[in-house]
Amino acid sequence: MTALADQAAPVEDETTLSRKIRSQRRGGRDRLVTTAGVVVLLIIWEIAARQVDPILAAPPSAVFTALIGMVGDGSLPTAVWESAQPFLVGYVLAIVVGVPVGLLIGRFRLVEAAIGWLVIAGYAMPMIALTPVFMLWFGLGFAVKAAMVMTMTVFAISINTWNGVQNVPRTLIEVGTAFCTSQPRILSQIVIPSVIPSIMTGLRIGIGKAVVGIVIAEFFTAIGGVGGVIVDAGHSFQPDRMFAAVVVLMLAAVALTSLVGLIERWLAPWNRSIAGGAR
Amino acid sequence: MSGDLAVDVRAVSKVFRDDKGRDVQALREVSFQVRRSQIVALTGRSGCGKTTLLRIIMGLEHPTSGTVDVDGEPVHGPGVNRGIVFQNAELLPWRTALGNVEFGLEARRLPKAQRRETAERAIELVGLKDAAHRRPHELSGGMRQRVGIARALAIDPAVLLMDEPFSALDAQTREKMQAELLEIHERTGKTIIFVSHDIDESVLLADRVVTLVPDPGRVHGVLDTAFGASTSLEERRGSAQFAQRRHELLQLVHGREIQQQDGVSV
């Protein structure tokens with residue numbers, strides 16, 4: 001259990017890391033430095049891994065070979081596909097539930113008093129603790145994976161949306177009031193557009209959480225998916241295959257996070273310029 | 001007489017409750033009148049309640065006692081007979097300049113084409129025709145404030161209410177905007193009430209300056225400055241009348257009676 005919780009931390013750091021990488025992309029020199037950093041890390045890893053028993057660690061070259069092999073024999077694409085489906089279902093469910101809940105809590109005091117604590121508790125609590133009971137409820141297949149992804153993600157999305165509603169500039173709402181705009185129109189024309197950047201932040205953090213969710217579910221159930229590949233490789237002393245799967249997870253998380261970033265830029269192009277990130 | 005009045009503020013008092021539950025009197029028995037097509041400045045040191053007073057006229061705050069009539073109708077809340085210009089323009093960042101002007105018109109159920117046309121005319125009036133399709137973050141501070149003015153003018157209000165409209169701008173832009181405001185006033189004949197802590201601005205732009213003093217906020221004096229509508233800002237600034245009015249206003253704002261300078265009292 002502790003080992004799993006530790007696994008969760010680096011994946012979450014990935015989100016902030018990828019955001020950092022995104023902003024670093026600005027200059028060619030920065031990109032060069034990043035590349036150099038990756039190369040140096042790979043070299044150190046390569047040298048270090050060659051010093052130890054191949055049962056315990058695999059150098060990047062071996063991981064890369066394993067990766068090619070796993071793609072070649074179709075085991076990796078199958079695993080990714082197995083993980084991607086419940087991931088997507090759980091993530092979309094989290095959005096469908098999380099955003100409206102966040103909007104309602106942020107907009108109405110009564111709703112905040114009723115369920116605000118639940119969202120905070122859900123966000124703060126390690127959801128891993130619920131995995132055994134989730135397995136009882138949802139079995140060992142698709143449903144438990146989707147449910148895990150959903151519960152890991154929904155609170156992050158809700159809490160960010162909620163936060164966004166609270167941070168809608170009061171003066172903008174006042175503009176609506178001053179020009180005799182109706183309440184529904186204030187909501188649709190002022191509040192929701194203001195909250196979009198916060199919602200997107202929630203979705204971006206949610207990606208990291210959702211990856212943790214799917215891996216945890218697959219670790220516990222040990223049935224299929226990229227998580228399943230990791231468990232199997234670990235049990236059969238094949239660190240190269242294990243690391244290959246971890247690298248795939250990492251790349252997927254970074255790619256999905258940047259995708260959400262792209263969507264955000266498309267949905268709210270004004271936000272980046274306000275934040276001073278125009279260049 | 002009342003047909004000539006655009007705004008009539010009668011004995012308005014406002015008591016706020018602060019964080020510690022104590023009552024703070026922001027305004028006490030404030031009365032003044034604004035005739036049609038007049039430009040009136042509300043000025044005074046910070047804490048004198050000038051912004052609160054303007055917000056009461058806007059309908060965004062309710063007076064504890066007293067009444068405000070705009071265009072002969074009592075104010076109970078925001079209304080389309082008042083166009084409001086905010087201190088920092090407060091445009092919707094996701095809308096273009098034109099879209100922001102249209103926003104003000106949307107509460108009135110005009111046909112879309114007519115709304116667009118009205119907004120375009122207002123944008124043209126403030127000289128932003130070429131920037132109509134830019135978003136606020138692509139506009140300079142002065143341009144943003146012009147959009148704010150266009151948004152307020154588009155609804156064709158009886159009174160234009162402006163809260164420190166140029167205070168966030170740099171000195172040169174501010175001067176330019178002041179000149180343009182006079183031009184807009186000349187062209188539209190709108191009644192304008194603006195809040196300013198800038199003595200020069202108040203004297204230069206307004207026909208009449210209402211000064212307030214704090215603790216509690218109350219009217220300390222009303223000064224007529226009227227330069228005559230067609231006098232340019234340059235002429236105004238260079239005139240002896242400006243220096244004289246400016247001096248008088250400073251005296252008023254700092255709570256001294258004008259008579260002092262005549263040696264009537266110490």
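I'll start with one residue. Setting aside neighbours within four places in sequence, Ala150(B) is in contact with Val101(B), Ala122(B), Ile123(B), Leu125(B), Val126(B) and Leu128(B). Keep in mind that this is a predicted model.

Ala150(B) also turns up in the largest nonpolar core, which has 138 residues. The members that touch the most other members are Ala245(A), Ile57(B), Ala150(B), Leu161(B) and Ile193(B). The element that gives the most to this core is helix 9 of chain A, residues 183-221, with 16 residues.

Two packed helices are described by the angle between their axes and the distance between the axes.

Take helix 2 of chain B, residues 97-105, against helix 4 of chain B. Their axes come within 8 Å and cross at roughly 30°. Since angles under 35 degrees count as roughly parallel, that makes helix 2 of chain B roughly parallel to helix 4 of chain B. The crossing of helix 2 of chain B past helix 4 of chain B is right-handed. On the helix 2 side of chain B we have Ala97(B), Asn100(B), Val101(B), Phe103(B), Gly104(B) and Leu105(B). They meet Val147(B), Ala150(B), Arg151(B), Ala152(B) and Ala154(B) in helix 4 of chain B. By class, this contact has eight nonpolar, two polar and one charged residues.

Next, helix 3 of chain B, residues 112-125, against helix 4 of chain B, residues 141-154. Here the axes come within 9 Å and cross at roughly 135°. Helix 3 of chain B and helix 4 of chain B are therefore oblique to each other. Helix 3 of chain B also passes helix 4 of chain B in a right-handed crossing. Thr118(B), Ala119(B), Ala122(B), Ile123(B) and Leu125(B) come from helix 3 of chain B, and Ala150(B), Leu153(B) and Ala154(B) from helix 4 of chain B. That contact has seven nonpolar residues, one polar and no charged ones.

On to the two chains together. Their contact takes 17 residues from chain B and 14 residues from chain A. On the chain B side, the residues divide into eleven nonpolar, three polar and three charged.

Last, chain A. Of its 279 residues, 40% count as buried. Among contacts in chain A with a separation of 6 or more, 76% come from residues 24 or more positions apart.

Methods. Residues are numbered from 1 along each chain as its sequence is written. Chains are lettered from A and ligands numbered from 1 in the order in which they are written. This is a predicted model: local features need pLDDT of at least 70, side-chain atom pairs count only at pLDDT 80 or more; totals for chains, interfaces and linings use all residues. A nonpolar core is a set of buried Ala, Val, Leu, Ile, Met, Phe, Trp, Tyr and Cys residues joined through C-beta atoms within 7 Å. A residue is buried if 20 or more other C-beta atoms lie within 10 Å of its own, exposed if 12 or fewer, and partly exposed in between; C-beta atoms are placed from the backbone. Helices (H or I, at least four residues) and strands (E, at least two) are DSSP runs, numbered from the N terminus. Two residues are in contact if their C-beta atoms, placed from the backbone, lie within 7 Å. Ala, Val, Leu, Ile, Met, Phe, Trp, Tyr, Cys and Pro count as nonpolar, Asp, Glu, Lys and Arg as charged, and the others, Gly among them, as polar. Axes are lines fitted to C-alpha atoms, for helices over the stretch in contact, and angles run from 0 to 180 degrees between N-to-C directions. Angles under 35 degrees count as roughly parallel, over 145 as roughly antiparallel, 65 to 115 as roughly perpendicular and the rest as oblique. A crossing is left-handed if the near helix is turned anticlockwise from the far one by less than a right angle, and right-handed if clockwise.
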